[in-house]
Amino acid sequence: MEPIELTFPCDADPERLDSFIARSVPEITRSAALRLIETGQATVNGQPQKPSLKLKGGEAVTVTIPPPAPAQPQPEEIPLEILYEDSDVVVVNKGAGMVVHPGAGNAEGTLVNALLAHCKDLSGIGGELRPGIVHRIDKDTSGTLVIAKSDRAHNGLAEQFKVHSIKRIYLALVYGSPKEDRGRIESVIGRHPVERKKMSGKARHGKNAITHWRVEARYPGISLVRLKLETGRTHQIRVHLSEAGHPLLADEVYGGGSRLAQLKDPVLKQMIKTMGRQALHAKTLGFLHPVSGEYLEFDTELPADMAGIIAYLEEKNRG
């Protein structure tokens, strides 16, 4: 893994080195940051330092995270909503709150763990740590995913994602009311230059990201937006909408939390708090079957939390 280059802000209050690294790098915990510093894999201005070093501003911090030790995910009998399955692919409707594949802090309870129990022949396809996984959606985003059950299917689907021929439609509830009824957002998305747990359209390095959007419904202070992805960057929709001034409801990372206080309706505020995850659903997924060549498309209903908010807003509009 390439070293991660951080700069401690000059206008920030002094902070311990281990605390700053843990806060800035999403992949690691405070204890992991401590180990990296002690083993010389985290340096300040090119020199090893103690974890307790107080950063005062302007220091260049370099963090090198060693590759994870291979760990075979274990099958777990977790219920799955299967939309389609044959010998090459399986399409699921992932619930909010489920991580797609094992990673730091998420060795169990992931979609991969569930799939390994469901598909006995899945292991190893596409790699031991992420068997069958061709694309991802965030832990707290619900909706449709396709998983490869054979190497041929994995390669075929990966190529479709690479050339952006997969149809991906999302529905989102956002704060505010866009001035236009539809539009296109394009930017380079990469790791946020300061807040390493976030992605940003202002990153120094990143990849081009394109999102097409259309307003489906407008309510007081909130809009329902349909989004079509041309590319699939990490947090793409969340970043694009937030930087356009319309963060997702309940998206604490990208500005949704601060907008909640501006709502006057106490019932609506409580519904958003209870949802506890960004209001984003991967509604439609369409692709060519990687073996037969047949076009397949799957459409899912909004989950109860988002549907409930829309029903409440519609009822208020009629009233």
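The legends below describe close-up views of a predicted model. Residues are numbered from 1 along each chain as its sequence is written, and side-chain values rest on heavy atoms, with hydrogens and water left out. In this predicted model, local features need pLDDT of at least 70 and side-chain atom pairs count only at pLDDT 80 or more, whereas totals for chains, interfaces and linings use all residues.

**View 1**
Helices (H or I, at least four residues) and strands (E, at least two) are DSSP runs, numbered from the N terminus. The C-alpha trace spans about 60 × 55 × 35 Å along its principal axes. Of the 319 residues, 46% count as buried, where buried means under 20% relative accessible area, exposed over 50%, and partly exposed in between (1.4 Å probe, protein chains only). Among contacts (heavy atoms within 4.5 Å) with a separation of 6 or more, 66% come from residues 24 or more positions apart.

**View 2. Four strands form an open sheet in the order β1-β6-β3-β4, with antiparallel pairing.**
Two strands are taken to pair if DSSP finds at least two bridges between them. The edge strands, each pairing on one side only, are β1 (4-7) and β4 (47-48). Four bridges link β1 to β6 (residues 60-63) in the antiparallel sense, and Leu6 stands opposite Val61 in β6. Helix α1 (residues 17-24) lies across β1, β3 (42-44) and β6, and runs at about 65° to β6; for such angles, axes are lines fitted to C-alpha atoms, for helices over the stretch in contact, and angles run from 0 to 180 degrees between N-to-C directions.

**View 3. The largest nonpolar core has 28 residues, of which Leu111, Leu115, Ile147, Tyr170 and Leu227 touch the most other members.**
A nonpolar core is a set of buried Ala, Val, Leu, Ile, Met, Phe, Trp, Tyr and Cys residues joined through side-chain atoms within 4.5 Å. Elements that each supply at least two residues of this core include β10 (167-175), β15 (280-288) and α5, while α3 gives the most, with four residues. Apart from this core lies another, of 20 residues, among them Leu249, Met275, Met306 and Leu313.

**View 4. Helix α3 is largely enclosed by the rest of the structure, because seven of its eight residues are buried.**
The buried residues of α3 are Leu111, Val112, Asn113, Ala114, Leu115, Leu116 and Ala117. Their cover includes β8 and β9, which span residues 89-94 and 142-148.

**View 5. Ile237, in helix α5 (residues 236-243), is buried, with a relative accessible area of 5%.**
Leaving aside neighbours within four places in sequence, Ile237 is in contact with Tyr170, Leu227, Leu229 and Leu280. Under the same exclusion, the contacts of Tyr170 include Ile137, Thr141, Val225, Ile237 and His281.

**View 6. Strand β13 is joined to β14 by eight bridges, and the two run antiparallel.**
Eight bridges also join β13 to β11 (residues 182-191), again in antiparallel fashion. Within β13, Thr211 stands opposite Ile185 and also opposite Leu229 in β14. In the hairpin of β13 and β14, two residues lie between the strands, and Gly221 takes a positive phi near 80°.
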